[in-house]
Amino acid sequence: MKKLINNPEDVVKEELKGIELAHPDLVKVFYDPDFIIRADSPVQGKVALVSGGGSGHEPMHGGFVGKGMLDAACPGAVFTSPTPDQMLEATKAVDGGAGVLHIVKNYTGDVMNFEMAADMARDEGIEVESVLVDDDVAVEDSTWTAGRRGVGLTVLMEKIVGAAAEEGRSLKECADLARKVNAQGRSMGMALTSCTVPHVGKPSFDLPEDEMEIGIGIHGEPGRHRIKLESADKVTEMLIQPVVEDLPFKNGDEVLLFVNSMGGTPLIELYIVYKKAVELLEAKGIKVVRHLIGPYITSLEMAGTSITLLKMDDDLKNLWDAPVKTAGMRWGI
Amino acid sequence: MAITRDDVLNWVRDYAQVIEDNHEMLTDLDREIGDADHGANMRRGFRAVLEKLPAVEDKDIGAILKNVGMTLLSKVGGAAGPLYSTLFIKAGTTIGAKTEMELTDWAKALEAATVGIANLGKALPNDKTMLDSLYPALSALNSAIENGASNGEALQKSADAAYEGMLATIPLVAHKGRASYLGERSAGHQDPGATSTYLLIKSAAETWSDS
């Protein structure tokens, strides 16, 4: 294992210290239990957004705490859901009296821990709503699986619903908006290499030099198909096709196209994927009206990409364009 | 003979050592069909349990097991955190304020734990989860008690059944948890949760064999 770390057990704590030192204007960091909140929390009268998940996906979620996005983020161990005590304390710290929205990615652990935290917060008199993100078309959605994973769409949901909360929308309106985003967005990812969890020390899966994994999640869990390496154009087609067909996105639709790096893939390659994705979408009469390109929801050092499409309307466009000031995403301010 | 508070404490300590010895094996199983963290998470949880155990050593069995459960809830994370936490909290609640328990108390505790886990995880038998070790362990324990087996024999039968249940997860296709994302590719691998659960039941059988 080659990593810029000290003790593998200290990775998350030391990262949090770094965040605390770098962004005192944006966030406050708490330890044991670990969570990050907006520096000006609680914002009175505003719906508060709390998310969280395993670490290793930076900048998500801690890098999205700040004005116009999340009020709090709960980092778990690398690739491991945080625990209810973190979520409860974060929820209490950011509740400004207008209720708290939990944004939960659909993984068995995250769902169970957030469910327990929401129950505890309600027992303490805080109004809590939870919304699930499950946008990964690589997973068959049936009663026979844990359901689709929450992946790239999470970033877009946190930005859009964060803007709505900032605008003063109610808890119910924010929750409905989040569910609408989830209903209108789809993602699919692929990996060129595996990744290594620091405290495990070995790659999460073995991927031979000449092969790639299609339908990868964000935790180094293997995907659905393993095939020989293909060109960027071919890979882009393999990702766009199932995403477009699943919703389906149709001729005349306006979309936000999000091309994400899994951590190890550089921007130069993301732009090649973006170019082909726009061409494929235009050929289908789908218009890209907004975009996001870069490493926003990563899987440690994994090389690979994911593509997310979100069907847009005027409301979503305005919310997307609204000011945001976080460590990981910043515009309009 | 009864199972004493000291027996229960020894079981928890023994299992913490079992996890310490087997965490790499559990993580390796999880690497094949999950996200390669089960052993690491359980080890973090049971190290914390050991640290907190001295503070509750003189409490009743129910309080000790609930304390173990609360520690796991805040230290393990993932799905294993809430699930193992539920196991210990439900067992502790069922046994209650006793400093000694009969094997029938343990059977009731194991049943409550199993029901709690099934409710939280919403898994069914043969979904390739920890329940596939727990259900056989529970029914073997109950039949051994009905047939008048000694504590040691009944606990061993329970552990043997958990072992068979664990092995029976190998050909199964996972329907819950991260392994379910693999679809058919999850078949041919032993479930890590069923494995850590078998080790828990086995540890009880070994620690309590003379009770």
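**Entry 1: the open sheet**

I started with a sheet in chain A. Six strands form an open sheet there, in the order S1-S2-S5-S3-S6-S7, with mixed pairing. I take strands (E, at least two residues) and helices (H or I, at least four) as DSSP runs, numbered from the N terminus. Two strands pair if DSSP finds at least two bridges between them. S1 (27-30) and S7 (128-133) of chain A each have a single partner strand and stand at the edges, so one side of each lacks a neighbour in the sheet. On average, neighbouring strands are turned by 20° against each other, direction ignored. For angles I use lines fitted to C-alpha atoms, for helices over the stretch in contact; angles between N-to-C directions run from 0 to 180 degrees.

The model is predicted: local features need pLDDT of at least 70, side-chain atom pairs count only at pLDDT 80 or more, and totals for chains, interfaces and linings use all residues. Residues are numbered from 1 along each chain as its sequence is written, while chains are lettered from A and ligands numbered from 1 in the order in which they are written.

**Entry 2: S6, S7 and a helix**

I looked at S6 (100-105) of chain A next. Six bridges join S6(A) to S7(A), and the two run parallel. Leu101(A) has Glu129(A) in S7(A) as its bridge partner. Helix H3 (108-123) of chain A packs on this sheet and touches S3 (48-55), S6 and S7 of chain A. The direction of H3(A) makes about 165° with that of S6(A).

**Entry 3: strand S13**

How many of the eight residues of S13 (304-311) of chain A are buried? I found seven, so S13(A) is largely enclosed by the rest of the structure. Buried means that 20 or more other C-beta atoms, placed from the backbone, lie within 10 Å of the residue's own. S8 (185-191) of chain A pairs with S13(A) in the antiparallel sense over seven bridges. Gly185(A) stands opposite Leu310(A) there. S11 (254-261) of chain A is also antiparallel to S13(A), over seven bridges. Here Val255(A) faces Lys311(A).

**Entry 4: two domains**

I checked the domain assignment of chain A, whose bounds come from an automatic or database source. It gives domain 1 (9-183) and domain 2 (185-320). Their C-alpha centres lie 22 Å apart. In chain A, 27 residues of domain 1 are in contact (C-beta atoms, placed from the backbone, within 7 Å) with 32 residues of domain 2. On the domain 1 side, H4 (153-166) and H5 (171-184) of chain A give two or more residues. H4(A) gives the most, with eight.

**Entry 5: chain B**

I ended with the chain contacts. 24 residues of chain B are in contact with 33 residues of chain A.

Key
Two residues are in contact if their C-beta atoms, placed from the backbone, lie within 7 Å. A residue is buried if 20 or more other C-beta atoms lie within 10 Å of its own, exposed if 12 or fewer, and partly exposed in between; C-beta atoms are placed from the backbone.
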